[in-house]
Amino acid sequence: MKYHETTGYSFLLDENHFVYRYQEFDSELHIFIKSKPHSCQCPACGLESSKLHATYERVLQDTPIHCKKTFLHANVYKYECLNPECSSRVFTESLSFAKMSQVRTDALNSLILGVSMFLSNEGASRVLSLLGVQVSNDTIQRLYDRIEFADDPDIEAIGVDDVAIRKGQTYATAVYDLKDHHLVALLEGRDGQPFKEWLKKHKKVRLVARDRASAYASAINEILPDCVQVADRFHLLQNLIDRLKDIFKEELPPEIYIKDGAVLDKAPDKIWKEKNVDSAVLDQYSYDDTPPLEADGTETEFVSTKRRLDLPHYKRAAENRKKNRN
Ligand SMILES: [Zn+2]
């Protein structure tokens, strides 16, 4: 089998870009990439253009390689729009791996959001710096603030549930697409009012899987009375368990006393019984009370305070004492 050299990092990019150089330092890796001339769509009018206008460099931080901060220096093109009616004469090339005006690749933004999902912004910033990502906690917050939900006005089947934000301090209402479970909207509060407003703009909804909150049920009944409401097993079980807990609390006393297999009406009285020595039991045992004797007939002397100081652990303790004194 023969091994052929690949063009380095290029396989990670799209077909319109290639790597032509890289520089490696102790904690940083700089990868230089170049655009191939190709046609690009004008963002203003949508017309394809392959008329090159100029080149420029974008520096993007990428996902780290070997825990080194990794930067892409992208030499990319500006194109001229050939549509005489178009408002923009020149437009910049769009990259499939980084959105316009971003200083990080999409993959890196996903990594940052993924890590910070489980940590505070400050904690995530520190962990990411160990992994080779340079990002401040403010930037992480900005990334979160920029997340937008793609709303679909024609959506027909949704799920709705309340979610806790900031460790249960505040709540929100999450609306998601029942088909693929992607989030469609995150509404403030969980009293059903914002959900009602949302439903007014989404009259095509025919099916709602909802949690047991009655606020959502009444919002659906009011705005879309013909809509089918589905309660899932998780929420039904939760309902049942909550109801059972209430019943048990109401019906059962906090403590139940059982004696000889029967449930007592009240706590049994404590009966103090003095323990008498049963001499008949004692008489069953024979006990030799005479002191043990040495081989020469003298009484064996017991001195419980006397220690055998030649035992290893006493020796060790003495050595340690001597060491600590010095
Ligand atoms: Zn145009």
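Two strands pair if DSSP finds at least two bridges between them. Keep that in mind for this tour of a predicted model, in which local features need pLDDT of at least 70, side-chain atom pairs count only at pLDDT 80 or more, and totals for chains, interfaces and linings use all residues. Residues are numbered from 1 along each chain as its sequence is written.

**Stop 1: the whole chain.** Show the protein chain as a cartoon and you will find eight helices and 14 strands; helices (H or I, at least four residues) and strands (E, at least two) are DSSP runs, numbered from the N terminus. The radius of gyration of the chain is 39 Å, well over the 20 Å that the globule rule gives for 326 residues, so the chain is more spread out than a compact globule. That radius is taken over C-alpha atoms, and the rule is 2.2 Å times the number of residues to the power 0.38. Along its principal axes the C-alpha trace spans about 125 × 70 × 50 Å.

**Stop 2: the sheet.** Now select β8 to β12. They form an open sheet of five strands with mixed pairing, in the order β10-β9-β8-β11-β12. β10 (183-188) and β12 (228-231) are at the edges with a single partner strand each, so one side of each has no neighbour in the sheet. From one strand to the next, the twist averages 25°.

**Stop 3: around β11.** Zoom in on residues 207-210. β11 pairs with β8 (residues 157-165) in the parallel sense over four bridges. Here Ile158 stands opposite Val208, and Gly159 stands opposite Ala209. Turn to the other partner: β11 and β12 run parallel, joined by four bridges, and Ala209 stands opposite Val230 in β12.

**Stop 4: two helices.** Select α1 (residues 106-116) and α2 (residues 121-131). They pack at an angle of about 125°, with their axes 9 Å apart. Axes are lines fitted to C-alpha atoms, for helices over the stretch in contact, and angles run from 0 to 180 degrees between N-to-C directions. α1 and α2 are therefore oblique to each other (under 35 degrees counts as roughly parallel, over 145 as roughly antiparallel, 65 to 115 as roughly perpendicular and the rest as oblique).

Which residues make the contact between α1 and α2? Show Ile112, Val115 and Ser116 of α1 with Asn121, Ala124, Val127 and Leu128 of α2; two residues are in contact if their C-beta atoms, placed from the backbone, lie within 7 Å.
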